[in-house]
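Dear colleague,

Please find below the structure that I am handing over to you. My notes on what was found in it follow directly after.

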Amino acid sequence: MSDPRSRRVAVVADSLLATTLDELGREGFGIIQLPPAGLDRETTGAWLEQTAEHVAEFRRNDYDVVLVDDGLHSHGLNDALAALGVPPLPQYAIQPPSTSRLTPDT
């Protein structure tokens, strides 16, 4: 039996989750959500530490891990990753919506 997992994970900013979830799913990514804005510092820090631990484990197991980022927690996530010896994550390029329906038929 083959492994059904895509071995691809996206760490996604809360503010971008709704707009990128379908695209990431079609691309075969699992999702780790970053904390939403407005949480207290302690909760946010713990969330980022847990996220970094998951990312480190995925990286150790040869998963591709990317970041879909709005900049809110970039510094905190990078600090948490660095504490575990993990380099910053590469950015995922969000695809713009298709404009094909705007092209007239010829």
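Two strands are taken to pair if DSSP finds at least two bridges between them. Helices (H or I, at least four residues) and strands (E, at least two) are DSSP runs, numbered from the N terminus. In these terms, Val 11 stands opposite Leu 67 in β3.

Please note that this is a predicted model, in which local features need pLDDT of at least 70 and side-chain atom pairs count only at pLDDT 80 or more, while totals for chains, interfaces and linings use all residues. Residues are numbered from 1 along each chain as its sequence is written, and side-chain values use heavy atoms, with hydrogens and water left out.

Overall organisation

The protein has three helices and three strands, and from the N terminus its elements follow the order β-α-β-α-β-α. Of its 106 residues, 31% count as buried, where buried means under 20% relative accessible area, exposed over 50%, and partly exposed in between (1.4 Å probe, protein chains only). Among the contacts with a separation of 6 or more, 58% come from residues 24 or more positions apart; contact means heavy atoms within 4.5 Å.

The sheet

The three strands form an open sheet in the order β2-β1-β3, with parallel pairing. Its edge strands are β2 and β3, each of which pairs on one side only. Direction ignored, neighbouring strands of this sheet are turned by 25 degrees against each other on average. For such angles, axes are lines fitted to C-alpha atoms, for helices over the stretch in contact, and angles run from 0 to 180 degrees between N-to-C directions.

Strand β1 (residues 8-12) pairs with β3 in the parallel sense over five bridges, and β1 pairs with β2, also in the parallel sense, over four bridges. On the β3 side, Val 12 stands opposite Val 68. On the β2 side, Val 12 stands opposite Gln 33, and Val 9 stands opposite Gly 30.

Strand β1 is mostly covered, with four of its five residues buried. Strand β3 (residues 64-68) is likewise mostly covered, and four of its five residues are buried.

Leaving out residues up to four places away in sequence, Ile 32 touches Val 9, Ala 10, Val 11, Val 12, Thr 51, His 54, Val 55 and Phe 58. The C-alpha atoms of Ile 32 and Val 12 are separated by 6.1 Å, although these residues are 20 residues apart along the chain.

The helices

Helix α1 (residues 14-26) lies across β1, β2 and β3 and runs at about 155 degrees to β1.

Helix α2 (residues 41-60) packs with helix α3 (residues 74-83) at an angle of about 50 degrees, with their axes 9 Å apart. This angle makes α2 oblique to α3; angles under 35 degrees count as roughly parallel, over 145 as roughly antiparallel, 65 to 115 as roughly perpendicular and the rest as oblique. The crossing of α2 and α3 is right-handed, a term used if the near helix is turned clockwise from the far one by less than a right angle, with anticlockwise counting as left-handed.

On the α2 side, the residues that meet α3 are Leu 48, Glu 49, Thr 51, Ala 52 and Val 55, and their partners in α3 are Gly 76, Leu 77, Ala 80 and Leu 81. By class, this contact has six nonpolar, two polar and one charged residues. Here Ala, Val, Leu, Ile, Met, Phe, Trp, Tyr, Cys and Pro count as nonpolar, Asp, Glu, Lys and Arg as charged, and the others, Gly among them, as polar.

Thr 44 is also found in helix α2 and is buried, with a relative accessible area of 12%. Apart from its neighbours within four places in sequence, Thr 44 is in contact with Pro 35, Leu 39 and His 73.

A loop residue

Asp 62 is found in the loop between α2 and β3. Although Asp 62 is not a glycine, it has a positive phi of about 65 degrees. Most residues other than glycine have a negative phi. At 65% relative accessibility, Asp 62 counts as exposed.

With kind regards
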